[in-house]
Amino acid sequence: MTSTFPDISISTERLVLRALDEDDVPSLAAMMNDEQVGAWTDVPQPYTEDAARTWITQYAPTERTAGRGLDLAVTEFLTQRLVGIVQLAKTNWHVRSTELSYVIAPWARGEGYASEAALATARWLFRDQKFERIELRTAADNTASQQVAQKIGCISEGVLRNACIAHTRTEDGRWVDVRTDFIVWSLLPEDLDGVGDELADTGGFTSFSDWN
């Protein structure tokens, strides 16, 4: 029987992670049009508001109800501004494992939001959902993403050679594919023992309907 993630909100000192809604369309589209997002993800460029709306209203709900993953908006607790996205994908409910990825808006980078959101998600997965493994894959040259993985306690397991498609701009502004390696990281429940509590205070896991 297929399992599914619940509608959930996760609170930290500075952030609330919640389901995406249609009010997020303009901010999501703006965030996904960033150069770094274009370089390190397969998000189509340029990224339109129609694409953002399709993700929010069709793709994300389908992935959750099918048991494949979960897409969470990362918002500032005080302003409720969208600062990023945390995504769970390729979930295996028998093994109790899932793959985690994250994107932070360019204006919000350098504040530790990616680490805080990723760690809060990991703690919720391990404590509440009884998961046993979280996997991250970072492109070989994506040092910012690798620093997040290290900061939350991930262990590097090795390299998948030539397994990643990154992107670069040509002089005329076109995006072209560039092959590179994937670095594979894992996080197990015991890996969080040495991670400082200052990164995330996930004292409350509430159903999304209870969050406002």
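Reader: In which sense do strand β5 and β6 pair, and over how many bridges?

Author: This is a predicted model, in which local features need pLDDT of at least 70 and side-chain atom pairs count only at pLDDT 80 or more, while totals for chains, interfaces and linings use all residues. Residues are numbered from 1 along each chain as its sequence is written, and side-chain values use heavy atoms, with hydrogens and water left out. Strand β5 (residues 97-104) and β6 pair in the parallel sense over three bridges, where strands are DSSP runs (E, at least two residues), helices are runs of H or I of at least four, both numbered from the N terminus, and pairing needs at least two DSSP bridges between two strands.

Reader: And which residue is the bridge partner of Glu99 in β6?

Author: Glu99 has Glu135 as its bridge partner there.

Reader: What about β6 and strand β8, in which sense do they pair?

Author: β6 and strand β8 (residues 175-187) pair in the antiparallel sense, over six bridges, and Ala139 has Phe182 in β8 as its bridge partner.

Reader: Why is β6 called largely enclosed?

Author: Five of the seven residues of strand β6 (residues 133-139) are buried, so the rest of the structure largely encloses this strand; buried means under 20% relative accessible area, exposed over 50%, and partly exposed in between, with a 1.4 Å probe and protein chains only.

Reader: Switching topic, how many disulfides are there?

Author: The structure holds zero disulfides, a disulfide being a pair of cysteine sulfur atoms within 2.5 Å. The sulfur of Cys154 has its closest cysteine sulfur in Cys164, 17 Å away, which is too far for a bond.
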